[in-house]
Amino acid sequence: MSAATRRLTTAQALVRFLAAQYTERDGVRHRLIAGTWGIFGHGNVAGVGQALVEYGDVMPFHQGRSEQAMVHAAVGYARQLDRLSAKAVTTSIGPGATNLVTGAALATINRLPVLLLPGDYFASHAADPLLQQLEHPAEADVSVNDALRPVSRYFDRINRPEALLASAPRAMRVLADPAETGAVTLALPQDVQAEAFDWPEEFFADRVWRVRRPAPDPGELADAVEALRAARRPLIVAGGGVHHSGAEAALEALVDATGIPVASTQAGKGSLRHDHPADLGGIGHTGTAVADDLARTADLVIGVGTRYSDFTTASGTLFQDPDVRFLNLNITAFDAHKLAARTLVCDARAGLTALTGALSGHRVPSSYEDEYRGGRARWEETVRAALRADDENAVPTQTQVLGALDAVVGDEDVVINAAGSLPGDLHKLWRSRSPRQYHLEYGYSCMGYEIPAALGVQQAAPGVPVWALVGDGTYLMNPTEIVTAVQEELPVRLVLVQNHGYASIGGLSESVGAERFGTDYRHRAADGTFTGAPLPVDLAANAASLGMDVLRAKTVRELREALSTARAATRPTCVYVETAAGGAPGAEAWWDVPVAEVSARDAATGARARYEHAVADRRHHL
């Protein structure tokens with residue numbers, strides 16, 4: 001007797017398959033693909049679009065406005081749920097597909113799962129060239145979707161229905177694997193999407209992908225313990241892997257037992273509460289003075305779930321002790337071996353728990369604890385001064401905006417940011433109260449991430465106040481998902497900070513001799529110079545036109561009142577504020593942005609001299 005089959009189109013079969021996929025970790029089960037974002041065109045409307053109509057009872061659908069933004073929303077959702085649940089994104093061929101590339105790169109760099117389902121040319125080539133099809137004169141099987149290959153952790157083009165039987169499970173394995181996850185792309189030729197096939201029933205059976213917690217190798221664990229016991233000035237660098245593993249309590253247990261201080265990357269901030277006596281705040285170019293001072297003298301750096309970006313290492317200039325060594329606890333061997341480290345390749349929670357048990361009775365010298373606690377107290381005075389507003393009727397600085405928000409949010413609130421000058425201020429000054437409160441996308445630092453990501457986080461955490469902090473530059477990159485927030489009735493809060501230009505890049509431009517060229521939003525005179533008059537652009541009116549309730553705040557007092565109103569709101573709400581200059585502490589560590597080696601302009605030659613002085617401190621940890 002032949003096995004039971006079900007006759008469906010390829011797109012219908014894929015949707016049914018996705019609806020039956022689950023992850024499980026620590027005995028808790030989650031939908032692996034919890035819904036699908038989509039914008040329809042001729043490459044997916046008749047295939048995936050029809051299938052989503054057919055099976056809307058098992059696959060929720062969300063209508064997006066920008067393909068890139070849909071990926072950001074999916075990424076925000078996955079991050080909020082510790083990568084245990086994800087979303088799919090479907091687009092047409094052509095520009096709809098290529099608009100996925102930025103979001104895919106962001107997802108893969110940050111090790112966050114998202115399933116991409118772009119339409120593609122006819123596999124049969126019956127209608128070549130299609131509208132929006134890229135023709136290659138020597139390679140007929142190339143399409144614009146091949147641009148997604150380098151930014152995807154898994155890529156396949158489904159040229160026959162039966163190819164899905166092998167490829168779909170492989171795609172799910174990558175999405176669910178904490179060591180391999182990222183963007184996964186299944187390119188779907190539009191004729192194949194609509195083609196029928198007799199699918200085996202077992203293809204649609206519930207399937208559980210267990211998310212492993214690999215334990216540390218005994219030999220690696222013994223080496224790690226030996227290194228920790230020998231260290232006099234150890235420092236933990238907590239990365240995003242702490243959060244992805246749900247290892248915050250395990251980290252705190254290790255720190256409480258040993259007294260080892262913790263500095264955090266942008267992705268790892270909040271691994272300890274800000275008021276824990278061993279929490280030093282951010283590390284690196286945007287780090288705190290206390291964290292960076294200790295990093296310069298640390299003899300053992302324990303990286304937990306970090307990939308050591310140039311911001312974290314201050315472009316190789318931060319860790320300056322002549323005998324400094326590294327111990328990296330990471331679920332991926334690729335990251336664990338960086339900086340010639342001793343490795344502990346395992347799940348973050350499992351590894352931290354094993355270290356705590358093996359280090360029983362060991363503690364850092366009391367003089368070291370006194371030193372970093374004193375540094376913490378001095379930095380807290382810096383934070384208070386930056387966040388405080390002595391004049392309630394004054395125009396707030398950007399750091400005072402953060403101070404007002406700090407006074408309003410609760411422990412459960414989520415604050416989202418990605419680009420501009422805000423990431424530096426937040427990394428130095430934000431006082432994280434819970435593991436999920438600080439949501440910075442800084443692996444790709446993608447302008448336009450914040451608003452759509454807030455939608456994804458709000459979907460993952462209904463009832464939780466979610467804040468998107470957006471400067472005027474990044475707002476102009478991607479405001480369109482405000483419409484989606486209104487349509488989906490997602491009460492996200494937008495804090496829109498207007499400083500009339502790219503404040504972060506403007507400052508960087510000045511420091512490297514580029515004289516703030518092309519970074520202001522002001523009128524230009526005929527000779528190319530700025531007249532100083534801001535452009536007559538009303539971003540608050542724009543947000544209102546897209547359906548948001550908008551509260552305008554001109555003073556510190558009005559800002560605090562508006563933020564309180566927004567937090568209590570039940571629909572999408574924007575707080576708009578123009579800021580005054582000043583307030584932010586300067587960088588505590590260097591960042592390598594190469595400066596012109598020769599120039600006829602004094603600004604560039606001076607910047608080059610400073611650059612050569614700074615780069616001399618770079619070390620190659622071998």
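Does L359 count as buried or exposed?

Tutor: L359 counts as buried, because its relative accessibility is 2%; buried denotes under 20% relative accessible area, exposed over 50% and partly exposed in between, with a 1.4 Å probe and protein chains only. The model is predicted, so local features need pLDDT of at least 70 and side-chain atom pairs pLDDT 80 or more, whereas totals for chains, interfaces and linings use all residues. Residues are numbered from 1 along each chain as its sequence is written, and side-chain values use heavy atoms, without hydrogens or water.

L359 sits in the loop that joins helix 14 (348–358) to helix 15 (366–387); helices (H or I, at least four residues) and strands (E, at least two) are DSSP runs numbered from the N terminus. Beyond its neighbours within four places in sequence, L359 is in contact (heavy atoms within 4.5 Å) with V225, L228, R229, L254 and T258. A224 is 135 residues away from L359 along the chain, yet their C-alpha atoms are 9.9 Å apart.

At the N-terminal end, D347 caps helix 14, with a side-chain oxygen 3.1 Å from the backbone nitrogen of R349.

Helix 9 gives the most, with four residues. The volume of this cavity is about 680 Å³, and G240, G241, H244, A267 and G305 are the closest to its centre among 48 lining residues. On a 1 Å grid over the protein atoms alone, a cavity is a set of points where a 1.4 Å probe fits but cannot get out, and lining residues have an atom within 4 Å of a point. Points are joined across faces, edges and corners, and the volume is the space filled by probe spheres set on them.

Helix 9 also supplies at least two residues to the lining of the second largest cavity, whose volume is about 80 Å³. That lining includes H243, H244 and A267.

Definitions and conventions:
Polar contact = N/O pair within 3.5 Å; in protein donor to acceptor, adjacent residues only side chain to side chain. 1 Å grid on protein atoms, 1.4 Å probe; cavity = no way out; pocket = protein on both sides within 12 Å on 5 of 7 lines; lining within 4 Å.
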